[in-house]
Amino acid sequence: LAAAARAAGAEIRTEAGVERVVVKDGRAVGVALETGEEIAARAVVSNADPRTTFLRLVDPVELEPDFLAKIRAYRSKGAAAKINLALAGLPRFDAPGGDDDRAMRLSGRIHVGPEIDYLERAFDAAKYGDFSPAPYLDVTIPTLTDPSLAPAGRHVCSIYAQFAPRDLRHGDWTTRRAEFADAVVKTLAAYAPDLESLILARQIITPDELEREYNLAGGHPLHGEMSLDQFYAFRPVINWAQYRTPIKDLYLCGAGTHPGGGVTGAPGANAAREILRDLKRAR
């Protein structure tokens, strides 16, 4: 992606935190960096979530009260965590098939959520302010398709675990992170009995870390709940679902726009079409 962008003439800068979007006369004219440097632009496109964009990067005086109220009411409390495992070998799941067949089967996505009642119980814990002791898991072993991610014969395992609320009723994520990771591993090990013996190291990314380290408001990896009132023509808020914003030449292109989260590239592609259309009209 970076190479394609540079080939098209883009300049990519890292370690260049944006302090605010510069707005003059109701129009976005650039961004101010944390260093004090200002970069002028014909258009500003934000891949940050809607709450971060409008409540942190834009001065509230630039927004109409009605729009500001809708953004403040936009629900973006995370309920998922991420566990990454470094493994000494490929886990053996309780399923028929030889080694070659096993690698093929595990190269896709592994779901642990056997029935509706299981999912409901997993969510009930979060509903009452705790993480699920038997969480719903979405698991991949990416080294099966890209062996370069680990030394020969070893693997990495990526686990997206639900439900884990941003705010815990008892304790906090600093003190309970290992407890949750243990619950995740135990749940997965029920299907892969040798998993625990293969773990060399693990990384735990809690909802509060998703907020602090990745600037995701509320620690929500999908940039906001994907419920009926925050989806399709209502994403992020009603009357503003076409990637444009109340500030002229300021656009959204992230998971907080239609069609939402997941690694699809669709929000960015859709936003690019609308931005190009506007820039052509402005010529």
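Biologist: Where does Ser132 sit in this predicted model?

Modeller: Ser132 belongs to the loop that joins α5 (116-127) to β7 (136-140).

Biologist: Why is Ser132 called buried?

Modeller: Its relative accessible area is 1%.

Biologist: Let's compare with Leu55. Why is Leu55 called partly exposed?

Modeller: Leu55, in helix α2 (residues 50-55), has a relative accessible area of 30%.

Biologist: Which residues does Leu55 contact, leaving aside neighbours within four places in sequence?

Modeller: They are Pro50, Leu68, Ile71 and Arg72. Take Arg72: Leu55 and Arg72 are 17 residues apart in sequence, yet 7.9 Å apart in space, C-alpha to C-alpha.

Biologist: On to the sheet. What is the order of its strands?

Modeller: The 5 strands of this open sheet run β6-β7-β8-β5-β9, with antiparallel pairing. From one strand to the next, the twist averages 20 degrees.

Biologist: What makes β6 and β9 edge strands?

Modeller: Each of them pairs on one side only.

Biologist: How do you know that β5 pairs with β8 and with β9?

Modeller: Two strands pair if there are at least two bridges between them. β5 and β8 (residues 155-162) have 8 bridges, while β5 and β9 (residues 199-205) have 6, so both pairs qualify. As examples, Ala81 stands opposite Ala161 in β8, and Asn84 has Gln203 in β9 as its bridge partner.

Biologist: And what about β7 and β8: over how many bridges do they pair?

Modeller: They pair over 5 bridges, in the antiparallel sense. Tyr136 stands opposite Gln162 in β8.

Biologist: Why is strand β5 described as largely enclosed by the rest of the structure?

Modeller: Because 6 of the 8 residues of β5 (residues 80-87) are buried.

Biologist: Which helix lies across β5, β6, β7, β8 and β9?

Modeller: That is α6, which runs at about 125 degrees to β9. Helix α8 (residues 207-214) packs on the sheet too, touching β5 and β9, and its direction makes about 70 degrees with that of β9.

Biologist: Which residues of the largest nonpolar core touch the most other members?

Modeller: Among its 30 residues, they are Ile159, Phe180 and Leu188. At least two residues each come from β5, β6 (110-112), β7, β8, α6 (173-189) and α7 (195-198). The largest share, 7 residues, is from α6. Apart from this core lies another, of 17 residues, including Leu68 and Ile71.

Biologist: What is Phe180 in contact with, leaving aside neighbours within four places in sequence?

Modeller: Its contacts include Ala81, Ile83, Ala161 and Trp173. Ser132, where we began, is also one of them.

Key: Residues are numbered from 1 along each chain as its sequence is written. This is a predicted model: local features need pLDDT of at least 70, side-chain atom pairs count only at pLDDT 80 or more; totals for chains, interfaces and linings use all residues. Side-chain values use heavy atoms; hydrogens and water are left out. Helices (H or I, at least four residues) and strands (E, at least two) are DSSP runs, numbered from the N terminus. Buried means under 20% relative accessible area, exposed over 50%, partly exposed in between (1.4 Å probe, protein chains only). A nonpolar core is a set of buried Ala, Val, Leu, Ile, Met, Phe, Trp, Tyr and Cys residues joined through side-chain atoms within 4.5 Å. Contact means heavy atoms within 4.5 Å. Axes are lines fitted to C-alpha atoms, for helices over the stretch in contact, and angles run from 0 to 180 degrees between N-to-C directions.
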